[in-house]
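Hi there,

Here is the structure I promised to pass on to you. Please open it first, and then read my notes below.

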Amino acid sequence: MSRAAHFGASALLGLGLAAVAFAGSGGLQLGQATLVEIPLILIGGFVLTVAALYGARGRLHGALTLGLLAALLAITALSILWSIVPEESWREANRTLAYTMAFAGALVAARLAPAGWKAILDGLLLAVAAVTVYGLATRVWPGVLAQSDVFARISQPFGYWNAVGAVTALGVVPTLWLGARRAGSAAANALAYPLMGLLFVLMLLTYSRG
């Protein structure tokens, strides 16, 4: 993958993941969740179609996990038949469908571009950095960015602190990779140090078990 393609893929993935975080919020409100679920299903379906038309034949790594996730989707959808609150089961089935399509799209994308894993990590770092900076900014300008927060714990942009804490914890892994890698720009690698500091500050300010 050329440098320009790597940069473009990383930027596109980072913006997409950040958009999912900010548009979907905690994923608990139907309107916001729908804004994320429909694009994920469509994009996953598009990637699957491209893979079916132009992808290489052979063993698909992760197929067993995808099959198990599809089985979970089927059970979740069938649970509407006996659910006490069928509308909630319907929402969960839609969410599980979005998860399944996103996972399937990721599997075949990895098959189409097996050398693109560095671009994925860079994209994850961009999204985590966006969430981190915004979360800390809500304590600088709480009256503008976090008007609905009634506790001191940082809960934005997801709307609840455990999600923010989980994202910061997950962000530690690619940040360590960025700081420890021997390739890439030295200036970019050095950004791992301040980013890690911001991640830990945000993690502590969520007071989260995440």
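Let me begin with the salt bridges: the chain has 2 of them, where a salt bridge is a side-chain nitrogen of Lys or Arg within 4 Å of a carboxyl oxygen of Asp or Glu. Before the details, please keep in mind that this is a predicted model, in which local features need pLDDT of at least 70 and side-chain atom pairs count only at pLDDT 80 or more, while totals for chains, interfaces and linings use all residues. Residues are numbered from 1 along each chain as its sequence is written, and side-chain values use heavy atoms, with hydrogens and water left out.

Arg95 counts as buried because its relative accessibility is 19%, whereas Glu92 is partly exposed at 33%. Their side chains also make a polar contact of 3.0 Å. (A polar contact is a pair of N or O atoms within 3.5 Å; within protein, one must be able to donate a hydrogen and the other to accept it, and residues adjacent in sequence count only if both atoms are side-chain atoms.)

Thr34 sits in helix H2 (residues 30-54), and Arg95 in helix H4 (residues 86-112). How far apart are Thr34 and Arg95 in sequence and in space? They are separated by 61 residues along the sequence, and by 8.7 Å from C-alpha to C-alpha. Thr34 is partly exposed, with a relative accessible area of 29%.

Next, go to Thr175 in helix H7 (residues 161-180). Thr175 is buried, as its relative accessible area is 1%. Which residues does Thr175 touch, leaving aside its neighbours within four places in sequence? Thr175 is in contact (heavy atoms within 4.5 Å) with Leu125, Ala192, Leu195, Met196 and Leu199.

Finally, here is the chain as a whole. The secondary structure comes to 9 helices and 0 strands. The C-alpha atoms fill a box of roughly 50 × 45 × 25 Å along the principal axes. Of the 210 residues, 32% are buried. Among contacts with a separation of 6 or more, 68% are between residues 24 or more positions apart. The chain has 12 positive and 6 negative side chains, and the centres of the two sets lie 17 Å apart. In that count, Lys and Arg are positive and Asp and Glu negative, with His and the chain ends not counted; each charge is placed at NZ of Lys, CZ of Arg, CG of Asp or CD of Glu.

Enjoy exploring!

Notes: Helices (H or I, at least four residues) and strands (E, at least two) are DSSP runs, numbered from the N terminus. Buried means under 20% relative accessible area, exposed over 50%, partly exposed in between (1.4 Å probe, protein chains only).
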